[in-house]
Amino acid sequence: MDVLSSRVLVHPRDPDATKAFYRDTLGLAVYREFPGGTVFFLGGGFLEVVGEGRSGPTPDMALWLQVRDLAATVAGLRAKGVEPEKGPQREPWGLDEAWISDPDGTRIVLVEIPADHPLRVDVRSQ
């Protein structure tokens, strides 16, 4: 398989609130808008908020968003009224994480990769 692009589709119960959350609260840039949906830049992929959902979120799915500075990101979100469900902390697997949720309750894992973590090792020379 040769993947050319990727995106996560979110079908919110309240599309306007969810679009505002990703655009205004998280500050994601809009890639494109179309009748019934908005596509946001999401690092190397996209997040598409489209249509309307009925069943709500599942604990089996989460968005994983890597940020440069977790403490500053969480402080900025708190200033906008977003209180983390799980505050910033170093996890046993070595990543610094905080958890928030979008208006529908979809879990968003904010991650900072510490400088000494194996994910930061340049494997090109190995």
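Hi everyone, let's start with a helix: α2, residues 70–79, lies across β6, β7 and β8 (107–112), and runs at about 140 degrees to β8. A word on terms: helices (H or I, at least four residues) and strands (E, at least two) are DSSP runs, numbered from the N terminus. Axes are lines fitted to C-alpha atoms, for helices over the stretch in contact, and angles run from 0 to 180 degrees between N-to-C directions. Contact means heavy atoms within 4.5 Å.

Before going on, please keep in mind that this is a predicted model: local features need pLDDT of at least 70, side-chain atom pairs count only at pLDDT 80 or more, and totals for chains, interfaces and linings use all residues. Residues are numbered from 1 along each chain as its sequence is written, and side-chain values use heavy atoms, with hydrogens and water left out.

Four strands form an open sheet in the order β5-β8-β7-β6, with mixed pairing. Its edge strands are β5 (62–66) and β6 (86–90), each pairing on one side only. On average, neighbouring strands here are turned by 20 degrees against each other, direction ignored. For pairing, DSSP has to find at least two bridges between two strands. β6 and β7 (residues 96–101) pair in the antiparallel sense over three bridges, and Gln89 has Glu97 in β7 as its bridge partner. The hairpin of these two strands has five residues between them, and there Gly94 takes a positive phi near 90 degrees.

On to the other sheet. Here four strands form an open sheet in the order β1-β4-β3-β2, and again the pairing is mixed. The edges are β1 (7–10) and β2 (30–34), each of which pairs on one side only. Neighbouring strands in this sheet are turned by 15 degrees against each other on average, direction ignored. β1 pairs with β4 (residues 45–50) in the parallel sense, over four bridges, and Val10 finds its bridge partner in Val49 of β4.

This sheet has a helix too: α1 (residues 15–25) lies across β2, β3 (37–42) and β4, at about 25 degrees to β3. Which residues of α1 are buried? They are Pro15, Thr18, Lys19, Phe21, Tyr22 and Thr25, where buried means under 20% relative accessible area (1.4 Å probe, protein chains only). As a reminder, an α-helix has 3.6 residues a turn, so residues three or four places apart point the same way. What do the buried residues of α1 pack against? The list is β3, β4, β5, α2, β7 and β8. After α1 comes Gly27, with a positive phi near 75 degrees.

Let me zoom out to the whole chain. It has two helices and eight strands, in the pattern β-α-β-β-β-β-α-β-β-β along the sequence. The C-alpha trace spans about 45 × 40 × 25 Å along its principal axes. Of the 126 residues, 37% are buried. Among contacts with a separation of 6 or more, 51% are between residues 24 or more positions apart.

That's my tour, so over to you for discussion.

Terms used: Buried < 20%, exposed > 50% of the residue type's maximum accessible area, 1.4 Å probe, protein only.
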